[in-house]
Amino acid sequence: FNFYRKNFPIIGNRALLYHAFGTKLKHDTYGISMELSKFKEQINFYSDNYNIINIRDYYLADNESLAITIDDGYKDNLDAIEILDKKNIPFTLYVTTNSIGKNNYLSENDIFSISNLGISTIGSHGCSHSRLSTLTNEKINTELKESKKVLEKITQTQIDTLSYPHGSYNNFVIDAAKKIGYKYAASSNKGINSRTTDNYLLRRSEIIQSDTINMIMKKINGYYDYY
């Protein structure tokens, strides 16, 4: 498979998924909190070697490109966003609305300021960060509607993008997202996004603290897409 991918690469957009940047999180047993210095090194590498676009423009990627996405809405995202802003790199930030203003999380003012950056897109990550596919239909609708409403009030703009918490979704979740007004949604499924990708199942590859540049290159090249 790796030989095939090296010689017959799939052309499109590879969206990368980040979470936190340096904050020690009690629940982080996996390494989702990335040292800020490592993130800066990675961003420099991406900007030197790849075209970086917003994930919402995935269908325009005729050549290999990257997209930067950040889930949850931790306070330390401000430091990472400062790095992205200095290099004029677009990104999408998916916010869990029940966490807004809590310890280690972004405030309403933070989110409003971020939304005013020309490189940013703000999206919903649900209200409670619950696995949507495990909820009742009523609770799914509430998670999607209320988080959208909260973010629209804060940013004073339309919120039309969603990231499924824990990557959890089912057919009802997707249908509800469409009816509520989301135009596209990011999953945790690995792979390349192209013109044939379902815009409610955008693929992403997670980047964690232990990843080296060499490991990230392998993720970008799809070596780990099927395991």
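Reader: Is Ile 154 buried or exposed, and in which element does it have its place?
Author: The model is a predicted one, and what follows is read from it. The relative accessibility of Ile 154 comes to 9%, and buried means under 20%, so Ile 154 counts as buried. As for its place in the fold, Ile 154 belongs to helix 5.

Reader: Which residues does Ile 154 touch, not counting residues up to four places away in sequence, and how far apart in space are Ile 154 and Ser 120?
Author: With those neighbours left out, Ile 154 touches Ile 100, Glu 108, Ile 111 and Phe 112. Ser 120 is 34 residues away from Ile 154 in sequence, and from C-alpha to C-alpha the two are apart in space by 14 Å.

Reader: Where are the buried residues of helix 4 placed around its axis, and which elements do they pack against?
Author: Helix 4 (108-115) has Asp 110, Ile 111, Ile 114 and Ser 115 as its buried residues. They cover an arc of only 130° around the axis, and therefore they sit on the same side of helix 4. The elements against which these buried residues pack are helix 3 (77-86), strand 4, strand 5 (120-124) and helix 5.

Reader: Why can the buried residues of helix 3 be said to line one face, and which elements do they pack against?
Author: The residues in question are Asn 77, Ala 80, Ile 81, Ile 83 and Leu 84, which are buried in helix 3. Looking down the axis of helix 3, one finds them within an arc of 155°, so they line one face of the helix. Their packing partners are helix 2 (36-49), strand 3, strand 4 and helix 4.

Reader: Where does Thr 97 lie, is it buried or exposed, and with which residues is it in contact?
Author: Thr 97 is part of the loop between strand 4 (91-95) and helix 4 (108-115). Its relative accessible area is 9%, so Thr 97 is buried. Once neighbours within four places in sequence are left aside, the contacts of Thr 97 are Gly 126, Cys 127, Ser 147, Val 150 and Leu 151.

Reader: How does Ser 107 count by its relative accessibility, and which residues is it in contact with?
Author: Ser 107 is another residue of the loop between strand 4 and helix 4. Its relative accessibility is 22%, and Ser 107 therefore counts as partly exposed. Asn 54 is 53 residues from Ser 107 in sequence, with 24 Å between them in space, C-alpha to C-alpha. Leaving aside neighbours within four places in sequence, Ser 107 is in contact with Lys 75, Ile 100 and Gly 101.

Reader: How many residues does the largest nonpolar core have, and which helix gives the largest share of it?
Author: The largest nonpolar core has 46 residues, and those with the most contacts inside it include Tyr 18, Phe 39, Leu 93 and Leu 144. The largest share of this core is five residues, and the element that supplies it is helix 6 (residues 171-180).

Reader: Which residues other than glycine have a positive phi, and are they buried or exposed?
Author: Most residues other than glycine have a negative phi. Asp 72, in strand 3, has a positive phi of about 100°, and with a relative accessible area of 7% it is buried. Gln 156, in the loop between helix 5 (137-155) and strand 6 (161-163), has a phi near 60°, and since its relative accessibility is 62%, it counts as exposed. A further positive phi, of about 55°, is found just after helix 3, at Asn 88.

Reader: How much space lies in the largest pocket, and which residues lie nearest its centre?
Author: The space in the largest pocket is about 640 Å³. By class, its lining has ten nonpolar, twelve polar and nine charged residues, and the elements giving two or more residues to this lining are strand 1 (13-18), strand 3 (65-72) and strand 8 (205-206). Of the 31 lining residues, those nearest the centre are Leu 17, His 19, Tyr 30, Ile 32 and Glu 206.

Key
Residues are numbered from 1 along each chain as its sequence is written. This is a predicted model: local features need pLDDT of at least 70, side-chain atom pairs count only at pLDDT 80 or more; totals for chains, interfaces and linings use all residues. Side-chain values use heavy atoms; hydrogens and water are left out. On a 1 Å grid over the protein atoms alone, a cavity is a set of points where a 1.4 Å probe fits but cannot get out, and a pocket is an open set with protein on both sides within 12 Å along at least five of seven lines; lining residues have an atom within 4 Å of a point. Grid points are joined across faces, edges and corners, and a volume is the space filled by probe spheres set on the points. Helices (H or I, at least four residues) and strands (E, at least two) are DSSP runs, numbered from the N terminus. Ala, Val, Leu, Ile, Met, Phe, Trp, Tyr, Cys and Pro count as nonpolar, Asp, Glu, Lys and Arg as charged, and the others, Gly among them, as polar. Buried means under 20% relative accessible area, exposed over 50%, partly exposed in between (1.4 Å probe, protein chains only). A nonpolar core is a set of buried Ala, Val, Leu, Ile, Met, Phe, Trp, Tyr and Cys residues joined through side-chain atoms within 4.5 Å. Contact means heavy atoms within 4.5 Å. The arc is that of the directions from the helix axis to the C-beta atoms.
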